[in-house]
Protein chains: 2
Amino acid sequence: MNILFIMYDQMRFDYMSCAGHPHLHTPNFDRVAARGVRFTNAYCQSPVCGPSRMSFYTGRYASSHGAAWNGYPLRAGEVTLGDHLRAAGMDCWLLGKTHMRADAAGLARLGLSAETVIGARQAECGFDAWIRDDGLWGQGPDGDFDLKRSPYNAYLKAKGYDGENPWADYANAGVDDGDDIASGWFMANCDRPANIAEEDSETPWLTREAIRFMTEAKGPWCAHVSYIKPHWPYIVPAPYHDMYGPNQVPAAVRHERERDDPHPVYAQFMGNRIGRAFSRDEVRAKVIPAYMGLIKQCDDQLGRILDFLEETGRAQDTAIVLTADHGDYLGDHWLGEKDLFHEPSVKIPLIVMDPRKGADATRGTTCDALVEAIDVPATFIEWAGAEVPTHIVEGRSLAPFLHGEGQPEGWREFVISEYDYAVSPMCVNLGLESKDARLFMVFDGRWKMMHAEGGFRPMLFDLESDPQELTDLGADPAYEPQRQKLYAMLHRWALRMSQRVTMSEDDIARLRGRSFRRGILIGVYDESEIDPELASKYRGRMRQNHLPAGSRAESEEQA
Amino acid sequence: MNILFIMYDQMRFDYMSCAGHPHLHTPNFDRVAARGVRFTNAYCQSPVCGPSRMSFYTGRYASSHGAAWNGYPLRAGEVTLGDHLRAAGMDCWLLGKTHMRADAAGLARLGLSAETVIGARQAECGFDAWIRDDGLWGQGPDGDFDLKRSPYNAYLKAKGYDGENPWADYANAGVDDGDDIASGWFMANCDRPANIAEEDSETPWLTREAIRFMTEAKGPWCAHVSYIKPHWPYIVPAPYHDMYGPNQVPAAVRHERERDDPHPVYAQFMGNRIGRAFSRDEVRAKVIPAYMGLIKQCDDQLGRILDFLEETGRAQDTAIVLTADHGDYLGDHWLGEKDLFHEPSVKIPLIVMDPRKGADATRGTTCDALVEAIDVPATFIEWAGAEVPTHIVEGRSLAPFLHGEGQPEGWREFVISEYDYAVSPMCVNLGLESKDARLFMVFDGRWKMMHAEGGFRPMLFDLESDPQELTDLGADPAYEPQRQKLYAMLHRWALRMSQRVTMSEDDIARLRGRSFRRGILIGVYDESEIDPELASKYRGRMRQNHLPAGSRAESEEQA
């Protein structure tokens, strides 16, 4: 079996028709959902690209792998999904975005070069890169945001799009009324069509790469097809740019009382440029139709992949997973982007389709178990035929849910997500040291708490009585028991064993009691206490006496 | 300046005359203490060789570096003291024991061979090995405990000691009344002299290596001179074997009430072979005089090193640190060996001597600040002229104490030590999964708590009213406030940031606000919101119109 692991960057869990979106029709997402299981309580390990992805690619919590924010390198030597799969005989390919930054210092210390297969895998988060393109080709007065080479920009140039950065000038820009560039960075331009032939835009381009890959690659493989869209810049070519209009924009999930004495960290996020912008109705009216168009385009391109699999007879031996690295506030809770732990940001779409017979019983169903992003790589490892190495991978395989076995015994009682905002000016504004600019979410299926390091009170929501998370109970004395319960969960998690990655359970079992029979006899007074045959091993091998003259007699006197 | 970092394996903090031992006279330890500062509240990060040493050699807590027990490999890529020192221009050499096991799987994954300089450093915990010998050359029916080559055994063979393993047959064995080997493994033999010329025993052998090193090496260097002794087998050559007798053995620190309804984990340790053995007076009467003799020999050999430094004029530019990886119960608390967190086990001797003028004010003093083993490498990094990289090294430099500046602001309020007994049969006896066979000590200078994973109550001691730790208050309802306070400390520590090792504070500061000026314009509605010069960067570069015919007009209609 092959695995098609498709990620859509910043795609909300509720922007699919199978998840109930009232206006956005996504027949191809729905088609996979009809053949698989849609997980309705799946959470990312950190609501921002870099750490979330590193969790998907390692099966480990953000504070376990340490790549806490975008551009924080995953340290050289960290074991990845690719390592696990290759050990099980499955290749692991990347097509698209990872947001991985190589640990240059670590590679140098280990003498590794990204020019070698091993070094390249270290630099690419364990993947073999079929094609890598993070789709963040920003350029500004201080230079380029991403210094790598963009295969997508190379593609556009080959197609005749001019200039140094057609990603910015065409794929992510429209044309203004004076025939000048209308940059997609400016949200006022989001309703304009991107100045690019639809087939040349990022999503179809990567889809063609995926189909080319599937045509050429020898299995078994896991292919991470990782789209930058519907991530910003929010601009999409025709005909998607005007498929949806302001009338299809849902009302923002927000309430004035959220701005009334808010948690200081939440206040910072509401007050930053992004929060202020997305609190404006005109921004939502411009952005959300484009965001919907981008998803609609993703859905159409997904249809091409599904058709290809069916036409080539590969549908029966290709598992498909559709997910996102995090969501997008889109103005909900007076916020834009992601970063915090309200559902639109931290919950992710997750549809898992195993084509094999064992999963027939659950096709087209949903599952509301508490699922984390790190469960996805654990599932892949099991699919590849290996046991999940629990001393490294902290997620658990979702296979039992697919097989209709229900929730396995000892399944988690809570999910964790984390956020590190040390790099943000908000850390400075709050007067925090970088180590204190860290947030943790604990969610037990009903109660959701955000703990903030740095001496703040927590935030608390009751998703049963307040599913929209509009009432912060974090300071309400009546909810102290709930907070204590969630803190107990957080602390239990914080004390977890996460770094004993060089010793498996089997290794430990093998070591038990071994040293004694390898001659380390601790706690033995004399030979009578051990097996005579063993005792004989400690006898009779001496052929010289090196005692200084007289010392033995002294010894005997003393004894 | 060079650094002589001397470790004595399993040496108790209170077995030196400068620390008040009534019978064991250690003029050379005292000589260093008179020139430096003796830390009276220094604790190891784990009271067992492997993880304690990995903490000394990385500056990180045991649960941060993950090498949780003896023989658990330190993962390839972990940054070590050697890496930090070499980056600061100081070599970092090993002479003796580390208990490091190479991460063979990690090295293979990274394509590293221990035959290369880089691979060898990975395999040797960051040291360049001048001579490596762990001194645990046990052999039993299932084979050798340690499969490496023993330079010490090679030395003995070259000197004419016969057999395959003269370490076992001579250095760590006496002669019985029938002229047969009296193995030092059997504690009944501990009062016999080891059947070896004193100069050929392990401590003088390594001392000569140290002097040879100091004669030959070019500075600046840090040399880890790491003696196996006074670690078991407890046997020492003449004249040390009978310098002390049962009359000099202090009474065991223990009380019958410790065996009355003990904590289940403590009960397991008391009940194992080692605990039962060391609860016997005859064992203490045999072992402790040998242990004292071994330390006396260490002291004499230290004298040779100090004399060498003085005679060669190197005393003025060689800092000296004397410490141990953990202590030895020696029958206190009905226990032998180490492993748990009573003072004889978890507290370590620590004498730090900086020969430079800045430390003159504190010579010969003691310091009772709460100090951890991980502070030792942090101190060395500062001595080497570098800043302590706080994103990797969790310890803090002790230099301010040496300079008489008193306790730095924000010094820790508690120390942590950890113990993983997953490999022990006690884990099985208690019916625990390996992840639950973990213990944590929190000590705030007065209250000491042991938290055990796996659903047990804690142990609690008040060292002010009960300095001998004979009364476990862990189940006493009256002490719930103290337990809560210590648990709050433990949880604060557990949530610490320990794995963000690829991003320094400077790296983070540099990243702040950078993306905007590199063209990542999130949250901008239109050009009026940003600097006009910046806005102009997003203009005027288009030279083609790729819009499909008609689409622009539609766009304008909709807008």
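This is a predicted model: local features need pLDDT of at least 70, side-chain atom pairs count only at pLDDT 80 or more; totals for chains, interfaces and linings use all residues.

Author: Is C125(A) buried or exposed? C125(A) has a relative accessibility of 1%, so the residue counts as buried. The cut-off for that word is under 20%. Now look at the backbone. Phi of C125(A) is positive, near 60°, and C125(A) is not a glycine. The residue sits in a loop of chain A, with α6 (117-123) on one side and β5 (128-132) on the other.

Compare D179(B), on the other chain. D179(B) is not a glycine either, and its phi is also positive, about 60°. Its loop runs between β8 (173-175) and β9 (181-183) of chain B. The surroundings are another matter. D179(B) has 47% relative accessibility, so this residue counts as partly exposed.

In chain A, the peptide bond from G219(A) to P220(A) is cis, with omega near -10°. P220(A) belongs to the loop between α9 (202-216) and β10 (221-227) of chain A. In chain B, G219(B) and P220(B) are joined by a cis peptide bond too, with omega about -5°. P220(B) is found in the loop between α9 and β10 (221-227) of chain B.

One helix of chain B comes next. Which residues of α7 (residues 151-158) of chain B are buried? They are P151(B), Y152(B), N153(B), Y155(B) and L156(B). Residues three or four places apart in an α-helix point the same way, because the helix has 3.6 residues a turn. After α7(B) comes G160(B), with a positive phi near 100°.

Back to chain A, and to charged side chains. Over all chains, the structure holds 99 salt bridges. R412(A) takes part in one with E372(A), where the closest N and O atoms are 3.2 Å apart. R412(A) lies in the loop between α15 (399-402) and β15 (415-420) of chain A, and E372(A) in strand β14 (residues 371-372), so this pair ties together parts 40 residues apart in sequence. R412(A) is buried, with 15% relative accessible area. E372(A) is buried as well, at 0%.

R412(A) has another partner. Its side chain meets that of D375(A) in a salt bridge of 2.7 Å, N to O. This pair also links distant parts of the chain, 37 residues apart, with D375(A) in helix α14 (residues 375-383) of chain A. D375(A) is buried, as R412(A) is.

R500(A) and E505(A) form a further salt bridge, with their closest N and O atoms 3.0 Å apart. R500(A) is buried, with a relative accessible area of 2%. E505(A) is partly exposed, with 34%. Elsewhere, salt bridges that share partners join E124(A), R132(A), D134(A), D146(A) and K148(A) into one network.

Now step back to the pair of chains.

How many residues are in contact across the interface? Chain A brings 136 residues, and chain B brings 137. Of the interface residues of chain A, 100% are also interface residues in chain B, so the copies meet through the same surface. The two chains bury about 11,900 Å² between them, with 57% of it on carbon and sulfur atoms. F186(A), L495(A) and Y525(A) supply 7% of the area that chain A buries against chain B, more than any other three residues.

Polar links cross the interface too. There are eight salt bridges between chain A and chain B. In one of them, the side chains of R539(B) and D180(A) meet at 3.5 Å, N to O. Polar contacts across the interface come to 35 residue pairs. On the side of chain A that touches chain B, helix α20 (residues 551-558) gives the most, with six residues.

Last, the layout of chain A. Its domain assignment gives domain 1 (2-144 + 196-409) and domain 2 (513-558). The centres of domain 1 and domain 2 of chain A, taken over C-alpha atoms, are 63 Å apart.

Notes. Residues are numbered from 1 along each chain as its sequence is written. Chains are lettered from A and ligands numbered from 1 in the order in which they are written. Side-chain values use heavy atoms; hydrogens and water are left out. Contact means heavy atoms within 4.5 Å. Buried means under 20% relative accessible area, exposed over 50%, partly exposed in between (1.4 Å probe, protein chains only). Helices (H or I, at least four residues) and strands (E, at least two) are DSSP runs, numbered from the N terminus. Domain bounds come from an automatic or database domain assignment. Buried area is the accessible area (1.4 Å probe) that two parts lose on being put together, summed over both. A salt bridge is a side-chain nitrogen of Lys or Arg within 4 Å of a carboxyl oxygen of Asp or Glu. A polar contact is a pair of N or O atoms within 3.5 Å; within protein, one must be able to donate a hydrogen and the other to accept it, and residues adjacent in sequence count only if both atoms are side-chain atoms.
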